[in-house]
Structures are given as structure tokens and as C-alpha cells.
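Thanks for coming. I will go through one structure this morning, starting with a single chain and then moving to where chains meet.

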Amino acid sequence: MDINEIVVISGKGGTGKTTLVASLVPFLENPVIADCDVDAPDLNILFGETIRESKDFVGLKRAVINEDLCTKCGLCHQKCKFNAISEDIKVSFSKCEGCSVCEYICPTGAIKMKDCVVGQVFDSETEYGPMVHARLIPGEETSGKLVSEVRKTAKALAEKTGRETIIIDGSPGIACNVIASITGVKKTVIVIEPTFSGLHDLEKVHRLVQNFSVDIMIVINKCDLSEDGLNAIENYCKEQDLEIALKIPFNKDIVKSVSERKIPSLENKEFFDGIGFAKFVEWIKKTD
Amino acid sequence: MIIGICAKETGLNSPVADRFGRAEYYVLFDTETKESRTIENTAKNSASGAGGRAVRLLDENGVNVALAPELGPKAMDAIKAFEISAYSYGESKTVKEALENYEAGKLKEFKTNSTESHHGLRRV
Amino acid sequence: MKIAVLSGKGGTGKTTVATNMAFNLKGAVLVDADVEEPNSHIFIKPRVTGEKSVYKNFPLVDMDRCNLCGDCGRFCKYNAILPAKNKVLVFKEICHDCGGCEIVCKRNAISYEKREIGKIHSGKGLGDIEFIYGDLNVGEVSGVKIISELREMVSDNEVVIIDSPPGTSCASVEAVEGVDYAVVVSEPTPFGVSDMKMVVEMLENMKIPFGVVVNKAGLGNDEIYDYCSGKNIEILENIPFSEEIAKLYAVGEMMCLENSKYSHYFENIIDKISKTVK
């Protein structure tokens with residue numbers, strides 16, 4: 001079954017990614033929603049959640065020291081490249097990257113690498129379809145692996161329930177979590193603001209996405225914020241042959257809708273009709 | 001000769017997997033004895049480098065030919081370095097079908113990685 | 001004294017607050033540790049006088065010594081090194097540079113080579129601000145090493161303001177490690193509050209004192225104030241939602257440089273912080 005996977009990313013945070021994803025959902029046929037912003041999942045705020053299942057997510061293994069066997073020889077402290085073991089032989093969980101060099105060199109076998117639960121994946125039911133989201137314990141790494149887990153769970157759900165669309169709320173930035181959000185998708189939507197900062201971030205995230213052969217569409221949110229900013233973005237898009245699918249003017253009513261936990265495209269339907277949202281939805285839904 | 005096929009479930013009737021390095025299982029078919037067995041893909045939960053690790057797993061199990069949906073760059077490097085031939089199973093839906101298509105000479109060999117890093121992506 | 005400026009959600013005004021705080025704090029050093037998407041330089045407009053590369057190592061195998069025993073491949077937790085039939089494959093981008101392969105190799109066949117993962121730029125900018133920022137190369141999976149090197153570049157004697165990555169990822173933790181105070185910038189919307197809670201949890205775990213700046217105040221609702229008062233979290237300042245401020249941001253202008261009427265917000269923040277930290 002060929003599943004239409006669409007990801008919405010932004011490079012820079014706070015451009016309106018989640019609001020856009022939420023606005024798209026009611027117009028998609030039988031979607032599975034995947035919230036891949038595992039550091040700060042927000043879609044559940046708008047869709048509510050009836051969590052059906054949650055499973056622990058194990059990230060990297062971490063070093064655990066058996067005090068009874070430890071002779072405080074200090075070899076592990078010396079050899080750890082991540083400064084994760086202190087002079088008094090205490091492991092900093094946040095610094096440990098699970099390489100197991102310490103386990104290997106410990107002369108008394110006092111160190112063992114143990115699985116660490118660093119987050120959870122939730123499978124919930126919303127009004128529009130199943131939603132998968134996850135939470136990574138603050139400060140943990142392996143968000144890329146957790147994103148992959150969310151994607152995998154969403155795909156399995158789609159196949160099980162015969163749904164053909166997965167809409168993915170991606171993470172901000174350009175690191176492993178974003179890369180994991182983009183892989184294997186058919187379409188990428190990049191949401192940006194018409195600011196010089198936004199342009200700078202667009203350049204970076206665009207370079208990242210270019211390595212992947214996906215259809216890319218640009219959405220400019222708060223497009224009336226700055227004419228200079230807008231011109232800068234439009235020029236870049238023109239140079240790079242990037243299509244601007246949607247320009248959304250700033251509208252306080254949208255903020256109000258979100259504050260009231262309502263989906264903007266339904267609550268402010270007239271506004272969305274006016275900006276050509278229907279055409280954008282058609283592009284999202286199209287499979288060829 | 002042993003052929004390894006990426007699979008979602010166990011056995012010859014299993015649907016084929018849509019990933020190589022993170023397939024759930026590999027079904028191994030011995031062309032001489034005509035017997036098959038399924039092994040779990042221990043590489044699938046790797047934080048990174050699943051493709052390369054999966055190839056090593058296949059090599060450890062004596063696989064000479066791999067049938068896969070796609071091969072990312074690491075998997076491709078590993079396939080070459082371990083001297084395993086890899087073929088794309090194309091439209092095959094099940095392990096059995098993929099094997100039949102391979103034996104009928106219908107499958108195309110991967111000469112270079114079919115996708116860029118991270119699955120399913122072709123360079124524009 | 002080191003002050004981190006962070007946010008749970010992106011786009012709440014971290015950079016706005018960090019740059020304008022630095023502008024109002026004579027002699028402060030501004031560090032942009034949001035190495036995936038650095039923005040402060042757009043506002044600070046530094047004359048870059050220093051640039052250095054940040055490197056990560058990866059293993060090189062001497063095939064004259066290597067006997068393809070496979071020990072390094074079995075050891076590596078990241079599958080970055082893979083001995084095959086006639087050679088050893090190395091996948092540089094996923095190497096964590098732990099040094100393990102060299103340690104387990106019984107033939108002394110492994111040494112290390114470096115590759116660039118990003119750059120650090122330094123210089124002086126508008127308002128005479130000392131400025132350092134890191135920039136992660138596109139395609140790299142983690143900027144933590146760059147952030148770590150940025151932190152090493154500032155001394156304990158200076159007043160440092162660190163514009164941190166948004167969220168609570170490993171990059172954010174690296175940026176705020178060891179700071180004396182954290183300014184959490186949020187906006188009064190449900191997403192803002194939700195994401196802020198995660199940052200608060202992280203700061204509480206790290207035992208870093210913090211206060212909140214509500215940016216774009218007047219937009220959204222009062223949930224954030226209820227949350228802060230419920231948890232006894234100090235609100236350092238409310239910066240009102242204003243089209244004028246938004247437009248200045250859009251074109252890369254520091255609001256205090258453009259109009260000193262905005263300075264009092266940041267002077268107030270600085271004042272409250274110095275009362276808490278001292």
C-alpha cells in the first residue's frame with residue numbers, strides 16, 4: 001500500500017508548523033497523525049487525546065556502576081571521552097553516550113551498560129483518526145531514534161487500519177530529529193515567517209531537505225509582518241525554484257482559536273477560504 | 001547458496017519489508033536443500049548504522065544473495081565489502097514471490113545505492 | 001556570571017531577549033549557542049575577527065596491521081566501524097568519537113583523523129557587544145560538541161549571556177550546563193505554556209534558578225500567569241505584543257538600538273536577575 005506521507009517542518013521554531021498541521025487534519029481523508037516534535041509535542045493540545053497505549057522508549061544504554069565491585073582506580077574517569085564519569089566515579093546520565101568503553105576497561109567488572117527508558121510513545125485516538133506522539137525526558141538525546149519510532153508506529157497503524165495518509169508534525173532545527181522526520185516522505189512543507197532570521201533558517205533547512213527527493217512547498221505565515229522580510233523570502237524562493245503554496249496574513253483570531261483549543265481552519269473558515277487553503281489541501285492530498 | 005529476503009513477518013508467505021536495515025525479519029532460503037528459516041533482524045533497533053549492521057548479520061548467516069526494497073549508501077558499501085549480491089524485489093509482495101521472481105531472472109541487481117541516506121529518497 | 005536565555009517553544013523571543021539584554025549590559029559577552037539555526041548575528045551584525053572549525057574524530061584503519069578479526073565492529077555501539085571481507089568500512093557521520101575501537105584493537109591498527117562538523121565565529125558587534133556564535137554544518141546529526149567548545153571560550157570572570165537552542169534536547173542541556181540563572185522566554189498561548197513546562201522541568205532537574213519573561217504579552221490567554229503563580233515562578237517582565245517590535249525583529253533590528261524607550265524592559269530583567277543571583 002502506497003502511503004502518502006507529508007511532513008511539515010520549519011527550520012526555525014515558532015513559525016506555525018503545529019497550527020498548520022492541525023488545520024490540515026480535518027480535510028484529509030482518514031489520516032494518521034504523527035507528532036514528531038518529541039521534545040515539545042503540542043498536537044495533543046488541540047486534538048485532545050484518548051491514550052490507548054503507551055510504550056516505554058529505550059534510548060542509548062548508560063553506564064551503571066556497582067559500588068561493591070568498584071575499587072576507584074579511576075581508569076573509567078580517565079578514558080571516558082564525554083567526561084561522563086567524575087573523579088569520584090559517579091556517572092552523569094546526561095553526559096553518558098553509551099559507548100561502553102568504561103565497561104570494557106573496568107578491571108573488576110564493576111560497570112555494566114543498562115537500558116534506559118528515556119521517553120514514551122503514545123498511541124491515541126482523536127476525532128479524526130489515530131495519533132502517535134512521544135515525549136522524550138528533558139535533556140535526553142536520541143531524539144532521532146524516538147522520531148523514527150513514532151514514524152514506525154504511525155506507519156504500522158496506517159497499514160493496520162487501511163489509512164493512506166500520514167501527516168507528520170516535524171521538529172525545528174536541522175539535526176537528527178529533523179532528518180528522521182523527513183526520511184521516506186513524499187512531500188515536505190516548510191513553514192516560515194517573512195523575517196531575515198526566517199530566511200537564514202530557511203536556507204539551512206532547505207539545504208538539508210534538498211538531499212532528499214521530495215516535493216517541497218513553502219508556506220509563509222504572518223506574511224504581512226514585513227514587506228522587506230517578505231521580499232527577501234520571495235527572492236530566495238524564486239532563485240531556488242521553490243514554490244510558495246500559501247501566504248497567511250497574521251490574524252489574531254487564529255491565536256484566539258488555538259487558545260480556545262479550537263482548530264483554526266474550522267473556526268475561522270472564511271479566513272482560510274480567502275487565502276486559498278483549499279488548493280493547498282488538494283496538493284497535500286494528491287498522489288501520483 | 002543462501003538467499004536472504006527482507007520480511008515483515010516470518011516464513012515464506014510473509015509480506016516483504018519496505019526497509020532493508022530496519023526490516024523486522026530476514027527469511028533465509030537455501031537453494032540446495034530448499035529449506036527456509038527466519039531470523040530476527042537484531043540491527044533494526046540500532047540508534048544508527050542499521051544498514052551496515054544488517055549486512056553483517058546476513059553475512060554471519062551465510063547469505064550470498066540479498067533481496068531488498070532499497071539500499072541506502074551504508075548498506076550498499078557493506079553489501080559490496082561483504083561480497084554479497086543484492087537485488088531489488090521490485091513489485092514482489094511476498095517473500096515467496098520475491099524468490100520466484102529472482103529465480104526467473106526478473107529482479108534487477110543493485111549496482112549502486114538506490115537511495116540516498118535514510119531510506120526511500122532519490123537524489124533529484 | 002552566566003545567564004542562559006531559553007524557551008520551550010521556538011519563536012517566543014529568545015534571541016530578541018538575549019540580544020537586547022546584552023545590549024543593555026555593558027561588558028557582557030553574548031554567545032549564540034543555537035548552533036543548528038543561529039540568528040543573533042543578524043541583529044548583532046558583528047565584524048567577524050575570529051573563526052575556527054570544530055572537529056570530530058573518526059577512525060582510520062591501517063590495513064597492514066589489521067587482520068579483520070572483527071572485534072572493533074562488534075564493540076562499536078553505533079555501527080560506525082564494520083570489518084568486512086577485505087577491508088574495514090568506517091561510517092564517519094555516526095562515529096561518536098568514543099575511542100573504543102582503538103582500545104579493543106589488539107593489533108594497534110586504529111588511529112584517528114579529524115573532520116569538520118561546524119564553525120565558531122567571534123567578533124564585536126553593535127553596541128560594542130563581544131559576540132561568539134556557533135554554526136553546525138547541514139547534514140551533521142548533533143551540535144553538542146560545538147556548544148561545548150563555545151562554553152570553553154568564555155571565562156568565569158565575564159558576564160555571559162547564552163542564547164540557547166529551543167526545547168529540552170541534549171543541545172539545550174549542553175548550553176545551560178553550569179549557568180547561574182536561566183531566563184525562560186515564553187508566550188501566553190497554549191503551545192507556549194505547554195512547552196515551557198518541559199523547560200521548567202529540565203531546569204528544576206538541573207537545579208538552575210530561573211524566571212520567566214512573557215513575550216508577546218496580550219496575545220493569547222492567562223494560562224501562563226496561572227501556571228507561574230501556582231508554582232511560585234517569578235515573572236521577570238512582560239513585553240507586550242506589538243506590531244512595531246515585530247517589524248523591527250523581521251528586518252533584523254535590535255529594538256533597543258532602534259529606540260531606547262524599549263530599554264527599560266531589559267534593564268528591569270537584568271535588575272531582577274542580579275537581585276536573585278547576588
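In chain A, take the contacts between residues at least 6 apart in sequence: 77% of them join residues at least 24 apart. Keep in mind that this is a predicted model.

The secondary structure comes to 12 helices and 9 strands. The C-alpha trace spans about 70 × 45 × 35 Å along its principal axes. Of the 288 residues in chain A, 56% are buried.

A:Lys286 sits in the segment after α12 (277–285) of chain A.

Is A:Lys286 buried or exposed? To count as exposed, a residue must have 12 or fewer other C-beta atoms within 10 Å of its own. A:Lys286 has 11, so it is exposed.

The buried residues run from A:Lys17, A:Thr18 and A:Thr19 through A:Leu20, A:Val21 and A:Ala22 to A:Ser23 and A:Leu24.

Now to chain C. Where it meets chain A, 47 residues of chain C are in contact with 49 residues of chain A. Which helices of chain C each supply at least two residues to that side? They are α4 (100–104), α6 (170–176), α7 (190–206) and α9 (243–250). The most comes from α7(C), which gives 8 residues. By type, the residues on the side of chain C that touches chain A divide into 19 nonpolar, 20 polar and 8 charged.

Let me stay with α7(C), as it also packs within its own chain. Its axis and that of helix α8(C), residues 223–230, come within 9 Å and cross at roughly 25°. Angles under 35 degrees count as roughly parallel, and α7(C) and α8(C) are therefore roughly parallel to each other. On the α7(C) side the contact is made by C:Pro190, C:Gly192 and C:Val193, and on the α8(C) side by C:Glu223, C:Ile224 and C:Tyr227. Those residues divide into 4 nonpolar, 1 polar and 1 charged.

To recap on α7(C): it gives the most to the side of chain C that touches chain A, and it also makes a contact with α8(C).

Terms used:
Residues numbered from 1 in each chain as written. Chains lettered and ligands numbered in written order. Predicted model: local features only at pLDDT ≥ 70, side-chain atom pairs only at ≥ 80, totals over all residues. Helix = DSSP H or I, 4+ residues; strand = E, 2+ residues; numbered from the N terminus. Buried ≥ 20, exposed ≤ 12 C-beta atoms within 10 Å, placed from the backbone. Contact = placed C-beta atoms within 7 Å. Nonpolar A, V, L, I, M, F, W, Y, C, P; charged D, E, K, R; others polar. Axes fitted to C-alpha atoms, helices over the stretch in contact; angles between N-to-C directions. Parallel < 35°, antiparallel > 145°, perpendicular 65-115°, else oblique.
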